[in-house]
Amino acid sequence: EITWRAGEGVPFSFVAKKLQRAENCSALGDASGMDAALSEMLLCVLAGAPEDLAPLVSVLCDQISSPALAGTEAVGASVLLKAMAEAFGHSVERVKDQVTA
């Protein structure tokens, strides 16, 4: 389900929750559940903010690019950790500990 208003960008919290659901399915060995979670996320983005689909896929592939960059750059882990911490309301250290556990 789309959780943002028309014209707004896709909130990171939406993406984080969908990725968490996919990760939980993966941990349980539920490949079809993982596929469903990711498909639902991409379909929601396509329906609610199609202009955000390509940037989201780039982030999911751990790459970003823009006209301001000469090429493609990897997304820094510290940027993703900060965004995850903000979305989940935890400290960066706690998120880092959970990611590396």
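What follows is a short tour of the chain, its helix packing and its cysteines.

## The overall layout

Keep in mind that this is a predicted model. The protein chain has 5 helices and 2 strands, and if you read along the sequence, they come in the pattern α-α-α-β-β-α-α.

How much of the chain is tucked away? Of its 101 residues, 19% count as buried. The protein chain exposes about 6,800 Å², with carbon and sulfur atoms supplying 58% of that. As for contacts in the chain with a separation of 6 or more, 34% of them come from residues 24 or more positions apart.

## Two helices side by side

Now for helix α2, residues 31–48, and helix α3, residues 53–60. They pack at an angle of about 150°, and their axes are 9 Å apart. Angles over 145 degrees count as roughly antiparallel, so that is how α2 sits relative to α3.

Which residues do the meeting? From α2 come Met41, Leu42, Val45 and Leu46, and from α3 come Leu53, Leu56, Val57 and Leu60. Sorted by class, this contact has 8 nonpolar residues, with no polar and no charged ones.

## The cysteines

A disulfide is a covalent bond between the sulfur atoms of two cysteines. How many disulfides does the model have? Counting pairs of cysteine sulfur atoms within 2.5 Å, the total comes to 0 disulfides.

How values were computed. Residues numbered from 1 in each chain as written. Predicted model: local features only at pLDDT ≥ 70, side-chain atom pairs only at ≥ 80, totals over all residues. Heavy atoms only, no water. Axes fitted to C-alpha atoms, helices over the stretch in contact; angles between N-to-C directions. Helix = DSSP H or I, 4+ residues; strand = E, 2+ residues; numbered from the N terminus. Parallel < 35°, antiparallel > 145°, perpendicular 65-115°, else oblique. Contact = heavy atoms within 4.5 Å. Nonpolar A, V, L, I, M, F, W, Y, C, P; charged D, E, K, R; others polar. Buried < 20%, exposed > 50% of the residue type's maximum accessible area, 1.4 Å probe, protein only. Areas by Shrake-Rupley, 256 points an atom, 1.4 Å probe, with all protein chains shown as cover.
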